[in-house]
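Subject: Structure handover

Hello,

Please find the structure below, with the sequence. My notes on what was found in it follow.

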Amino acid sequence: MKESFWGTMILSFGVIAIVFIYFFQNITNTDQQNYNLLKETTEAAMYDSIDQVEYQKNGNIKINAEKFIENFIRRYAENASLSNTYVIEIYHISEYPPKVSLLVKSSESTNATGEIMEFDITNRIDAILETPY
């Protein structure tokens, strides 16, 4: 009887440990994916929105704010997970010198314990476009 109790207890602890590992791995992967997506999308959208006419005329690297917003939202929507809800807040866009400040909030929910638990994941980036001369 003693050995069967210990075997049952070890199996139940193992199942609980696997559930916790899965839960925290899912939250961590979502946060890392959101951050990498935000960083890469911001950089690509800044390169896409460089004003070519200004660069050819004066040699200044300047971005177009409207074009940046359009490119950023399009690229982020193409690669974001469809199961999450995202809120994108753009705080500051400076056309010259090119820099932006963004905040992306997403909400992750799970019902691993029988209750629905929600977590808000917030990623913020302040990016300055640097190019070699």
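Helices (H or I, at least four residues) and strands (E, at least two) are taken as DSSP runs and numbered from the N terminus. On that basis the protein has three helices and three strands, in the order α-α-α-β-β-β along the sequence.

Some conventions come next. This is a predicted model, in which local features need pLDDT of at least 70 and side-chain atom pairs count only at pLDDT 80 or more, while totals for chains, interfaces and linings use all residues. Residues are numbered from 1 along each chain as its sequence is written, and side-chain values use heavy atoms, with hydrogens and water left out.

Confidence and overall figures

pLDDT is the predictor's confidence in each residue, from 0 to 100. The mean for the protein is 81, and 88% of its residues reach 70 or more. Confidence is lowest in β3, with a mean of 80, and highest in α3, at 87.

The accessible surface (Shrake-Rupley method, 1.4 Å probe; for residues, only the protein chains shown count as cover) comes to about 9400 Å², and 56% of this belongs to carbon and sulfur atoms. Of the 133 residues, 28% are buried; buried means under 20% relative accessible area, exposed over 50%, and partly exposed in between (1.4 Å probe, protein chains only). Contact means heavy atoms within 4.5 Å. Among contacts between residues at least 6 apart in sequence, 54% join residues at least 24 apart.

The nonpolar core

A nonpolar core is a set of buried Ala, Val, Leu, Ile, Met, Phe, Trp, Tyr and Cys residues joined through side-chain atoms within 4.5 Å. The largest one has 17 residues, and L38, F68, F72 and Y76 have the most contacts inside it. At least two of its residues come from each of α1 (2-48), α3 (65-79), β2 (99-110) and β3 (117-128). The biggest contribution is that of α1, with four residues.

What does Y76 touch, leaving aside its neighbours within four places in sequence? Y76 is in contact with N34, L37, L38, T41, Y86, I88 and V104.

Aromatic pairs

Rings of Phe, Tyr and Trp (its six-membered ring) pair if their centres lie within 6.5 Å; planes under 30 degrees apart count as stacked, over 60 as edge-to-face and the rest as tilted. By this rule there are four aromatic pairs. One of them is F5 with W6, edge-to-face at 6.5 Å centre to centre and 70° between the planes. F5 is exposed, at a relative accessible area of 52%, and W6 is partly exposed at 48%.

F68 and F72 form a stacked pair, 6.0 Å centre to centre with 25° between the planes. These two residues are four apart in helix α3, so about one helical turn separates them. Both F68 and F72 are buried. Ring pairs link F68, F72, Y76 and Y86 into a cluster.

N34 lies in helix α1 and counts as buried because its relative accessibility is 2%. Its side chain makes a polar contact of 2.9 Å with the side chain of S106. Not counting residues up to four places away in sequence, N34 touches Y76, Y86, S106, I121 and N123.

N71 is in helix α3 and is also buried, at 8% relative accessible area. The side chains of N71 and R74 are joined by a polar contact of 3.3 Å. With neighbours within four places left aside, N71 is in contact with A45, D48 and S49.

R124 belongs to strand β3 and is partly exposed, with a relative accessible area of 48%. The C-alpha atoms of R124 and L103 are 4.3 Å apart, although the two residues are separated by 21 residues along the chain. Beyond its neighbours within four places in sequence, R124 is in contact with L38, Y91, S101, L102 and L103.

Where is the cis peptide bond? This bond joins Y96 and P97, with omega about -10°. P97 is found in the loop between β1 (85-94) and β2.

Regards

Definitions and conventions: Polar contact = N/O pair within 3.5 Å; in protein donor to acceptor, adjacent residues only side chain to side chain.
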